[in-house]
Amino acid sequence: MNAGPARHVPAKDITREQAIAILKPSLGKDLRAIAEQYGVTVWKNGRKNKGWAGMTVEQMLGHPQDAAQAPDFGTWELKVVPIVRNAQGHWQVKETMAITMIDPKNVAETPFEHSHLLDKLRALLVCAREWKSDRDDESRLVKLGAFDLADGETFRQVQADYETVQRTIRADGAKALTGWMGHLVQPRTKGPGHGVHTHAFYARTSFVARMLKLTDAD
DNA sequence: CTATGATCATCC
DNA sequence: GGATGATCATAG
């Protein structure tokens, strides 16, 4: 069973296709400038709001920020990831992509088919932004990638990764989780830091590249 | 405190 | 340079 409460779905949830239509005209535009327009904090007291780009794109889609552990737009999930040019001049995913928190009790007793992980991966819109430096003085929106976890092979691999996490928690507890587990999706620490040791599922960069359909032609 | 939005810092 | 573990701002 899914321990998460059912999410109230506001009428203003837009479809992924609508979101793509809204964002497409902004391809090539500087998200940092747009962040300023919306009043999204990027730096504060010399420290960065690491989520500024994601919050900015949410604002562009008219989405209020919340902390519900459910897909942002009811039926699909929005993500923003940084990409960089490699030595060959091709785009490359810079970071793994955090997907959702691991509640050990929930994961231990919830089959993959009813998991928060699958909820979030079933339908995604992955937005790639150009990363130039940690100051993020400018960052262009580069690519929009629609991805659905429906393909049999990939689905099975993600399910296997999930079940690895599940078995580990059941046998040794969440403390035994480590980033080297999982082929497409890994468990890794995530949280407020400073002694708090919680975990989340992350999509490895290779998986994110597949979601974005990045190739050596890009 | 836990979730959201994520990327930073460090070690190999 | 890549991968793992740690951490930042914000909201309920």
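Student: Is aspartate 136 buried or exposed?
Tutor: Aspartate 136 is buried, at 0% relative accessibility. Buried means under 20% relative accessible area, exposed over 50%, and partly exposed in between (1.4 Å probe, protein chains only). This is a predicted model: local features need pLDDT of at least 70, side-chain atom pairs count only at pLDDT 80 or more, and totals for chains, interfaces and linings use all residues. Residues are numbered from 1 along each chain as its sequence is written, and side-chain values use heavy atoms, with hydrogens and water left out.

Student: What does aspartate 136 meet in a salt bridge?
Tutor: Lysine 48, at 2.8 Å from N to O. A salt bridge is a side-chain nitrogen of Lys or Arg within 4 Å of a carboxyl oxygen of Asp or Glu.

Student: New topic. Which residue forms a salt bridge with lysine 79?
Tutor: Glutamate 77, with the closest N and O atoms 3.5 Å apart. Lysine 79 is buried at 14%. Glutamate 77 is buried at 2%.

Student: Which lysine in helix 5 pairs with glutamate 77?
Tutor: Lysine 120, in a salt bridge of 3.7 Å, N to O. Glutamate 77 lies in strand 3 (residues 77–85) and lysine 120 in helix 5 (residues 116–121), so the pair ties together parts 43 residues apart in sequence.

Student: How many salt bridges does the structure hold?
Tutor: It holds 13.

How values were computed:
Chains are lettered from A and ligands numbered from 1 in the order in which they are written. Helices (H or I, at least four residues) and strands (E, at least two) are DSSP runs, numbered from the N terminus.
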